[in-house]
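I opened the model to see how its parts pack. These are my working notes.

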Amino acid sequence: MKRIATIQDISCLGKCSLTVALPVISATGVEAAIIPTAVLSTHTMFKNFTCKDLDDQLLPIADHWKSEGVEFDAFYTGYLANGSQVDKVISIINSLKTEKTKIIIDPAMADNGRLYPAFDSKFPKEMAKLCAIADIILPNITEACLLTDTPYRESYDEAFLKTVIGKLSALGAKKIVLTGAEFGKKYGVMTYDNGEYNMYEQKKIDAVFHGTGDIFSSAFTGLLTRGKSLDESVRIAADFTAECIRITKLTPEANWYGVEFERAIPYLIERIKS
Ligand code: PXL
């Protein structure tokens, strides 16, 4: 069985990061090993969340894995507790990667033009260092702007997106999957792969839900690791995320803090078979 090591936080309530990555990666038929970066009572869109960083556990967990001789088909990183974890994560990846290991970085730190509350303005520079070692990065537009020191804009054209993607590529990331790309009448995921731009267009659903970035990234990473191409992984992960949002909108008892992704797991499994 293929195996991913995913490095991100546990938000104990809130349907994001590891509580999404574990079930979604499992649904793709791939093993998920985890290195938790922090334990939070909830994600940071709640008020008064608690947070205990696991700074002192990251390297010992990886060292133990190394002594067990375990190998990974992919590393997939998400939300980190602080900027100083970046160097630790880079050294973990460098110590455990083999020729076959894909490095997939979701620079989970911002959305809708703003950094998440736990981060200061120096954090994106640190995250850019992690993106530099990636085979594939999965930013949204806000994160893409922060990583490249580009002023965030609510509306932009295709040329703007291509300029930002060019700057992301100059950071060192080999392939780029930019979510929430919107220009003219187009909405979807823009990819940059071997000098080629591609846009996977989706119907925009008029709703904003928390945790959808983690759902997309987890499904994408599982699918890619399972052996789907980059384009196919983008298509299925984007359709799965849209299905999660569609179902959530139809569910009156849905919580504000996350999407009802569990209801869409059968859809994901069905799509994997095709
Ligand atoms: O979904 C990204 C994410 C992950 N982890 C924590 C968060 C967020 C977004 O706000 O707060 C703790």
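I began at Leu161. Leu161 touches Ile141, Tyr156, Leu178, Ala181, Phe183 and Met190, leaving out residues up to four places away in sequence. Contact here means heavy atoms within 4.5 Å.

A note on the source. This is a predicted model, where local features need pLDDT of at least 70, side-chain atom pairs count only at pLDDT 80 or more, and totals for chains, interfaces and linings use all residues. Residues are numbered from 1 along each chain as its sequence is written, and side-chain values use heavy atoms, with hydrogens and water left out.

**Cores**

I then asked which residues have the most contacts inside the largest nonpolar core. They are Phe75, Ile92, Leu130, Ile137 and Leu161, in a core of 48 residues. Helix H3 gives the most to this core, with six residues. Another core, of 35 residues, lies apart from it and includes Leu18, Ala27, Ile215 and Leu224. By nonpolar core I mean a set of buried Ala, Val, Leu, Ile, Met, Phe, Trp, Tyr and Cys residues joined through side-chain atoms within 4.5 Å. Buried means under 20% relative accessible area, exposed over 50%, and partly exposed in between (1.4 Å probe, protein chains only). In soluble globular proteins, nonpolar side chains tend to be buried together.

**The sheet**

Next I traced the strands. Helices (H or I, at least four residues) and strands (E, at least two) are DSSP runs, numbered from the N terminus. Two strands pair if DSSP finds at least two bridges between them.

I found an open sheet of nine strands, in the order S3-S2-S1-S4-S5-S8-S9-S10-S11, with mixed pairing. Strand S3 (51-53) and strand S11 (196-201) each have a single partner strand, so one side of each is left without a neighbour in the sheet.

I went through the pairs around S1. S1 (residues 3-13) and S2 (residues 31-42) pair in the parallel sense over nine bridges. Thr6 has Ile34 in S2 as its bridge partner. Ser11 stands opposite Leu40 in S2. From S1 the chain crosses through H1 to S2, a β-α-β crossover that is right-handed. Right-handed means that, with the strands pointing away from the viewer, the path from the first strand over the helix to the second runs clockwise.

How do S2 and S3 run, parallel or antiparallel? They run antiparallel, joined by three bridges. Ala38 has Asp53 in S3 as its bridge partner.

S1 and S4 are parallel, paired over four bridges. Ile4 stands opposite Ala74 in S4. Four bridges also join S4 to S5, and these strands run parallel. Tyr76 has Ile104 in S5 as its bridge partner. The chain crosses from S4 through H3 to S5, and this β-α-β crossover is right-handed.

I checked the side chains of S4. Ala74 and Tyr76 point one way, Phe75 and Thr77 the other way, and all are buried. In a regular strand the side chains alternate between the two faces of the sheet.

**Helices**

I moved to H3 (residues 85-96). H3 lies across S1, S2, S3, S4 and S5 (102-105), running at about 170 degrees to S4. Axes are lines fitted to C-alpha atoms, for helices over the stretch in contact, and angles run from 0 to 180 degrees between N-to-C directions.

Then H1. Which of its residues are buried? They are Ser17, Leu18, Val20, Ala21, Val24, Ile25 and Ala27. These pack against S1, S2, S4, helix H7 (212-226), helix H8 (230-250) and H9.

H1 and H9 (residues 265-273) pack at about 35 degrees, with their axes 9 Å apart. Pro23, Val24 and Ala27 of H1 meet Ile265, Leu268, Ile269 and Ile272 of H9. The contact residues divide into seven nonpolar, no polar and no charged. Ala, Val, Leu, Ile, Met, Phe, Trp, Tyr, Cys and Pro count as nonpolar, Asp, Glu, Lys and Arg as charged, and the others, Gly among them, as polar.

Just after H1, Gly29 takes a positive phi of about 80 degrees.

**Two single residues**

Val30 sits in the loop between H1 and S2. Val30 counts as buried, at 3% relative accessibility. Among its contacts beyond four places in sequence are Met1, Ile4, Ile25 and Arg226.

Thr191 lies in strand S10 (residues 186-193). Is Thr191 buried or exposed? Thr191 is buried, with a relative accessible area of 3%. Its contacts beyond four places in sequence include Ile176, Tyr197, Leu230 and Val234.
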